[in-house]
Structure formats: structure tokens, C-alpha cells
Amino acid sequence: MKIWEKNIRKVVPYVPGEQPKGEKLIKLNTNENPYPPAPGVQRALQEMDCDAFRKYPDPAATILVEALAREHSVKPEQIFVGVGSDDVLAMAFLTFFNSDKPLLFPDVTYSFYKVWADLFQIPYETPKLDEEFRIRIEDYQRENGGIIFPNPNAPTGLAEPLSFVEEMLKSNPDSIVIVDEAYVDFGGESAIALLEQYENLLVVQTFSKSRSMAGIRIGYAIGSPSLIRALNDVKYSYNSYTMNLPSQILGAEALKDRAYFEASTHKIIQTRERAKLRLKELGFVFPDSSANFIFARHPQVSAEELFLALKEKQIYVRYFKQERLSEYLRITIGTDEEMEQFFAFLEAYLAQK
Ligand SMILES: *Cc1c(COP(=O)(O)O)cnc(C)c1O
């Protein structure tokens, strides 16, 4: 090994879901929204003045921060925005988890948490979810250097009520608790309601799922002004201009159309509830999802074989070849037409088994 090679940071990167190319494929593998963003976003994009691109963007992303503050009835000083919630979460790990005590997050959860903890050399422990994939609150009632969990959790889709989040906060007055609400708009209860009482709470949300803008990369955190100030100090020590001008404009635009947002999330929830009934009829078992995906297994069918058979027919779902997960498929909720084709395949597949 060359001397300089010893100085290279070694990390095992996060592996995102496949982005296959092609026209007719059915993509139910990365929890994207099957519907387009609000129509105002398309209009704003067409009217965008490219001359403005000459200048650096507003590093504070003021138009977007102010629109988010109005949307969530908080002060602008309580909002931090980033390039997707992955960027926001990475900044939050760097800013808040500097203890010698372990950061705690569930064994089955968003697999990026482990990657950031390794990258930033944060000690961590991953208490096991119970048999039903529920977070056991007792595991988080001990000394720790911080807590993070998604609510609803991924890839299970299980949501915990606000009373659970509050108990977590009550048990951990000396830790920063981050609730990752990437899927909250599909049926979860947001912890934003607890922000006034808990200064150590940070809520993270994204435009990638419920607002159909994964490609534009907008995420944000809401918390007490002191937490947001700390996040901004770290961000400005790293890269001031993370968020480009079009993202700031299009994000603010998306927030104007509440009716569209509610209608499209409602449509996905209804499709999900119908999908649960169909899956049950076909013999699948799954935790009761409050997200835009269902994490399902079939007692008589190999998940890996089914995954490959679906892929052959250009139907993509997510398969995790991992302990506790390898019997399951994570199926993103698509349009009704896409789900119809997915179920037609499943019926034929199970009939010839
Ligand atoms: C999708 C997802 C994110 C990241 O989404 P961004 O596209 O980076 O905003 C964060 N947490 C969870 C649990 C997710 O599923």
C-alpha cells in the first residue's frame, strides 16, 4: 500500500434504489410520487429568468424559508433548508451528534443513518425493533448521545402516535431527538406540534415524496432557533451556496397550492388502502403502512425470486438482501393503473406457483 493510500478515508457508501431507464417500466422501487408536482411549479419554471443565474443564489434561501415558515406556522428562524433531506440530515449529524455516548437508532430503519455515523465517526447503537417491527421505547430510556428515527419508519411504513414521540422526548431531556418525517404526509402525525415544548426536538421533512419533487432536491428541518442557528453555522463552514436559485423558487411555488397537495396525497392514501386489501387477498402479510409504500412478504413465496420475476417484466420494487428484511419486498404506491398491472402480474405469478 502506498503511503498516501493510508490517508484516504474509507467508507461504505449508501446504496440508493435503482434508476432504470426505459419508457414502459413500472417504477415502484424508490418511493417517488407517481403524480407530477403542483401545476404552478411548471409555470414558474417556464417563466424563470435565466439572467438571474449569473449571480450567486441567496445563501439563506429566504423565499423558501419564509414560505415554509408560513406553511408550518413557525418563525423563519426555526427553519433550515438543504439539498434534499439527506443533506439536512447529514448536516444535523455533523452538528448535533458530537458525544462520546452512542447515538441511538433502530436496527431496521433508513440505512443512510449508519453511513453518516460511520462517515462522521459518531459512536452508535441500533436497538432491535420488536417482533412486530415496532420501536421499543425502553431501549431509548438510557444514556445516549442523541436519537434519530423516522416516523413513519422506513422500510416498514409503521407510524407511531404523537404520544410516543412525546414520551421519547420526556425520557431524553439531555439529548437532541431528530424525527425524520419523510413520509408523514401519507398518514402520520407530525411532531411539529411538540416544538413549542421541546427545545431539543428537530423535525425533518422533504419535498421528495409527498410533493413530487425528488429531482429538485429540497429538504428542511424545523426546530428551536438555537438548533437552527447551530445548523446554519456548520453549513456556512462547509458550503454557503448549497441550494440553487431554481430550487428556491420552485420550492416556494409548490407550497402555494395546498389543494393540489392534499388531493394528490389523498389519492395515494386511497390507492394504498386498496392495495392492502388486494395484497391480503393474495396471502401477503405486512405491517400496517402509513407511508407511500407497503413492506410485504408472502409466506409461500421467495421475495428474491418474486423481485427478479417482476424485474423481468419491467416492474421494479425494492428488495433488501439483509437480515430480518430478506423475506420482504418494499412496494411503492404508484398510480391506480400501475398498481393494476402490478397486481395482474402477482395474480398470474401466484396461480402458477
Ligand atoms: C427518502 C427519504 C429521505 C431522503 O429524502 P431526500 O430525497 O433526500 O429528501 C430521508 N429519510 C427517509 C426515511 C427517506 O425515506
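Student: Let's start with Leu94. Is it buried, exposed or partly exposed?
Tutor: Leu94 is partly exposed, because its relative accessibility is 30% and that class runs between 20% and 50%. Keep in mind that this is a predicted model.

Student: Where does Leu94 sit?
Tutor: Leu94 belongs to helix α3.

Student: How far apart are Leu94 and Lys311?
Tutor: In sequence, 217 residues separate Leu94 and Lys311. In space, their C-alpha atoms are 38 Å apart.

Student: Back to the helix. What does helix α3 give to the shell around the ligand?
Tutor: Helix α3 spans residues 84–96 and gives four residues to that shell, the most of any contributor.

Student: Which residues surround the ligand?
Tutor: The residues around the ligand are Gly84, Ser85, Asp86, Leu89, Tyr110, Asp180, Ala182, Tyr183, Thr206, Ser208, Lys209 and Arg217.

Student: How does that shell split by class?
Tutor: Evenly. The shell has four nonpolar, four polar and four charged residues.

Student: What lies 2.6 Å from an oxygen atom of the ligand?
Tutor: That is a backbone N or O atom of Ser85. Thr206 uses its side chain instead: an N or O atom there is 2.5 Å from a ligand oxygen. Lys209 also has a polar side-chain atom 3.0 Å from an oxygen of the ligand.

Student: How much of the ligand does the protein cover?
Tutor: On its own, the ligand has 390 Å² of accessible area, and the protein covers 93% of that.

Student: New topic, rings. How many aromatic pairs are there?
Tutor: The structure holds 21 aromatic pairs. Take Tyr110 and Trp116: their ring centres are 6.4 Å apart.

Student: Why is that pair edge-to-face?
Tutor: Because the two ring planes meet at 70°, and anything over 60 degrees counts as edge-to-face.

Student: And Trp116, buried or exposed?
Tutor: Trp116 is buried, because its relative accessible area is 4% and the cut-off is under 20%.

Student: What sits over the ring of Tyr35?
Tutor: The charged end of Lys267, at 4.2 Å from the ring centre.

Student: And which residue lies over the face of Phe293?
Tutor: Arg330 does, 5.8 Å from the centre of that ring.

Key: Residues are numbered from 1 along each chain as its sequence is written. This is a predicted model: local features need pLDDT of at least 70, side-chain atom pairs count only at pLDDT 80 or more; totals for chains, interfaces and linings use all residues. Side-chain values use heavy atoms; hydrogens and water are left out. A residue is near a molecule or strand if one of its heavy atoms lies within 4 Å of it. A polar contact is a pair of N or O atoms within 3.5 Å; within protein, one must be able to donate a hydrogen and the other to accept it, and residues adjacent in sequence count only if both atoms are side-chain atoms. Accessible areas come from the Shrake-Rupley method with a 1.4 Å probe; for residues, only the protein chains shown count as cover. Helices (H or I, at least four residues) and strands (E, at least two) are DSSP runs, numbered from the N terminus. Ala, Val, Leu, Ile, Met, Phe, Trp, Tyr, Cys and Pro count as nonpolar, Asp, Glu, Lys and Arg as charged, and the others, Gly among them, as polar. Rings of Phe, Tyr and Trp (its six-membered ring) pair if their centres lie within 6.5 Å; planes under 30 degrees apart count as stacked, over 60 as edge-to-face and the rest as tilted. Buried means under 20% relative accessible area, exposed over 50%, partly exposed in between (1.4 Å probe, protein chains only). A charge sits over a ring if NZ of Lys or CZ of Arg is within 6 Å of the ring centre and within 35 degrees of the ring normal.
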